[in-house]
Amino acid sequence: MSDTPSFATCDLCDAHKGDDSGAFRVLPPVFREFGAKPRFAGPVVTVKCFEDNTPVKRALEGPGEGRVLVVDGGGSLRRALVGGNIGAAAARNGWAGVVIDGCVRDVAELLVCEVGLRALASMPLPTERKADGQTGVVVQIQGVWVRPGDWLYADEDGIVVSATALHG
């Protein structure tokens, strides 16, 4: 694939293993792959919501421009924040990937979406539309701080976040 980023999270970790500044962070190994692209990278856009995917849908239906949407879903395993339709919108609109501290649904549909997609688990229950959540805020994903404008790198070995771009 010509649009597959060339990096390895293991190499990034080797290069930054002594970084104690907080600029380089590694997410815990609790995320599962759901999209068709196991390797993705890009600048971060953030959303914070709980069991309501309104801001997630709004973001992914807009232009992705090679960015990665990081969703602080509070780690909820009770509702799915992304399903097949929203996953297809993310791929169609040029998002590099989506990382969800929460769940997805429509797994068979997501597996063919040409986008990187990581989440904690699958859950068939949809969200209830109650509140808007927040966009463009600093979020905490599984205990790791992620800021809008950070760079996220995900591959078969894991997910890392950096305050600056780490590859050309």
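Which residue in strand 6 is the bridge partner of A80? A80 is partnered there by C103.

## About the model

This is a predicted model, in which local features need pLDDT of at least 70, side-chain atom pairs count only at pLDDT 80 or more, and totals for chains, interfaces and linings use all residues. Residues are numbered from 1 along each chain as its sequence is written, and side-chain values use heavy atoms, with hydrogens and water left out.

Strand 6 covers residues 97–104, and eight of its eight residues are buried. Here buried means under 20% relative accessible area, exposed over 50%, and partly exposed in between (1.4 Å probe, protein chains only). Strands (E, at least two residues) and helices (H or I, at least four) are DSSP runs, numbered from the N terminus.

Strands count as paired if DSSP finds at least two bridges between them. Strand 5 (residues 80–82) runs parallel to strand 6, with two bridges. Strand 4 (residues 68–72) is also parallel to strand 6, joined by four bridges, and L69 has V98 as its bridge partner. With strand 7 (residues 116–122), strand 6 forms six bridges, again in the parallel sense; there V98 stands opposite L117.

## Two loop residues with positive phi

E65 sits in the loop between helix 2 (54–60) and strand 4. Its phi is near 50°, a positive value in a residue other than glycine. E65 counts as exposed because its relative accessibility is 62%.

Q142 lies in the loop between strand 9 (139–141) and strand 10 (144–146). Phi of Q142 is near 50°, positive in a residue other than glycine. At a relative accessible area of 31%, Q142 is partly exposed.
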